[in-house]
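Thanks, everyone; I would like to take a few minutes to walk through one structure, going from helix packing to the sheet and then to some backbone details. Please have a look at it first, and then we can go through it together.

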Amino acid sequence: MQQITFGMIGGGTVGSGVFHALDRNGDLLAARLGVRVRLARIAVKALDEPRPYPIPAALLTTDWTAVVHDPQVQVVIELVGGTSIARKVVLAALELGKPVITANKALLSAHGGELFAATRKHGANLYYEASVAGGIPIIKALREGFVGNRITALYGIVNGTCNYILTRMQQEGADFAEVLADAQKQGYAETPPDLDIDGCDAAHKTGLLASLAHGFWVEPKRIYVEGIRHVSKLDLQFARQLGYTIKLLGIVKTLAAPKAKAGARIQVSVYPTLIPKAHVLASVNGIFNAVFVRGDVVGDTLFYGRGAGKDATASAVLSDIADAALDLAHGTHGRVPAFVPHERRGTVAPMDEVVSRYYVRLSVVDRPGVFAKVASILSGAGIGISSIIQPEGHEGETVPVILMLHDAPNAALQKALAKIAKLPAVKAPPVMIRVESCV
Ligand code: HSE
């Protein structure tokens, strides 16, 4: 049986997971592919670093260049993380004409343009199934399963840390800070947690999905991002009362093109979102990820699974290992190119123009005339109120007031909120969370 030899850079959590999964299912993979996969060398930070699955010392080195340049190594697996050494590893391998597998969404987000250009220049492919939503085969689904569809909407719960925190806040009525501290103690959240809870990790993944779905490279700076720090247990309680739950959603939606011959115009954003409790995404809880994709031919589809962790990520890397091995064995390295920019006129709509419904929580002094002033500012901005909740309080007390607002462009809403914030009866900056029915 033909054999393809791989070298791996990174032998930590994910790397040792890949080693273990290959050890366990290598024969199965060979039987299915008709090609045997051999992991010949693994570069690690330190030979004695702790790893969840042991790797035989004979395979290890601390010199990544030795692995990349090893003439036996036909494919390089990059599992270093970060964007500095990882970029060097990927470029060095591609320059040698060696295909590369990476799980690194931050690297692709920051340097995708350069790396994809290198794949074309050197005729070596880049495989990145593990970069988005861990074990969920969403990259394959978008590039192959849905190749005959225009993707009109995609909603992703793609950060397990945020989903875990929001789920516990919802289920336990707990505060953000309290759940975050506990999640860090239990290893469900990183220290520092900023990349996850400020939405950056979700933005890296959402940008990649948007680029693949729409055929033009979505620059990270065009993605509007809000994290979950400002979501309080009060918001989760009121959302529930109104029939919603709150999820950090990556949203990629096709908007109407402004002119007849203009290219695709899409919303690409990440923010906490009220979604109806009855929607399938509302039951995606804890560390789980899900991606809801609507295609113009297929209709609605849903992908659910573990978005992180050594085994789920290893499963995605194994899928890329299989593709790389088959492409080398059959000389089909360009069968599914890393990225095909085919929509040259595509644009990301500025957030100011994105229309949505809104949940707004105000802290106001309960006295006559306050609602009238708030309503007058909103109606002056052309924004309708669809519902109001105010728990019964005593006159003169500061109370929460919840407004559900009809569709309005972001710019109009922001301007109205700035005016509302200046009213003397409003005692804290308004909290605004967008509402998405995901239908
Ligand atoms: N930190 C990510 C998450 C996993 O919490 O989902 C790696 O992408």
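Let me begin with a pair of helices, α6 and α10, which are roughly perpendicular to each other. Please keep in mind throughout that this is a predicted model. The axes of α6, which covers residues 160-172, and of α10, which covers residues 233-241, cross at roughly 70 degrees and come within 9 Å, and that angle is why the pair counts as roughly perpendicular, the range for that word being 65 to 115 degrees. The crossing in which α6 passes α10 is right-handed. Where the two helices meet, α6 brings Leu166, Met169 and Gln170, while α10 brings Lys233, Leu236 and Arg240. Sorted by class, this contact of α6 with α10 holds 3 nonpolar, 1 polar and 2 charged residues.

Now to the domains, for which the assignment of the protein chain gives domain 1 as 2-134 together with 310-329, domain 2 as 146-306, and domain 3 as 354-435. How far apart do the C-alpha centres of domain 1 and domain 2 lie? Those centres are 28 Å apart, and 13 residues of domain 1 are in contact with 10 residues of domain 2.

On the α1 side the contact is made by Thr13, Val14, Gly17, Val18, Ala21, Leu22, Leu29 and Leu33, and on the α11 side by Lys310, Thr313, Ala314, Val317, Leu318, Ile321, Ala322 and Leu326. By class, the contact of α1 with α11 has 12 nonpolar, 3 polar and 1 charged residues.

Next comes the sheet, which is open and has 6 strands in the order β3-β2-β1-β4-β5-β6, with parallel pairing. Which strands are at the edges? They are β3, at 60-61, and β6, at 126-127, each of which pairs on one side only. Strand β2, residues 35-43, runs parallel to β3 and is joined to β3 by 2 bridges, and for Ile42 the bridge partner in β3 is Leu60. Helix α3, residues 85-95, packs on this sheet, where it touches β1 (2-9), β4 (75-78), β5 (100-102) and β6, and the direction of α3 makes about 170 degrees with that of β4.

Finally, two details of the backbone. The peptide bond from Thr191 to Pro192 is cis, with omega near -5 degrees, and Pro192 has its place in the loop between α7 (176-185) and α8 (194-197). The other detail concerns Ala133, which has a positive phi of about 60 degrees although it is not a glycine, and which is found in the loop between β6 and α5 (138-145).

Note on methods
Residues are numbered from 1 along each chain as its sequence is written. This is a predicted model: local features need pLDDT of at least 70, side-chain atom pairs count only at pLDDT 80 or more; totals for chains, interfaces and linings use all residues. Side-chain values use heavy atoms; hydrogens and water are left out. Contact means heavy atoms within 4.5 Å. Helices (H or I, at least four residues) and strands (E, at least two) are DSSP runs, numbered from the N terminus. Ala, Val, Leu, Ile, Met, Phe, Trp, Tyr, Cys and Pro count as nonpolar, Asp, Glu, Lys and Arg as charged, and the others, Gly among them, as polar. Two strands pair if DSSP finds at least two bridges between them. Axes are lines fitted to C-alpha atoms, for helices over the stretch in contact, and angles run from 0 to 180 degrees between N-to-C directions. Domain bounds come from an automatic or database domain assignment. Angles under 35 degrees count as roughly parallel, over 145 as roughly antiparallel, 65 to 115 as roughly perpendicular and the rest as oblique. A crossing is left-handed if the near helix is turned anticlockwise from the far one by less than a right angle, and right-handed if clockwise.
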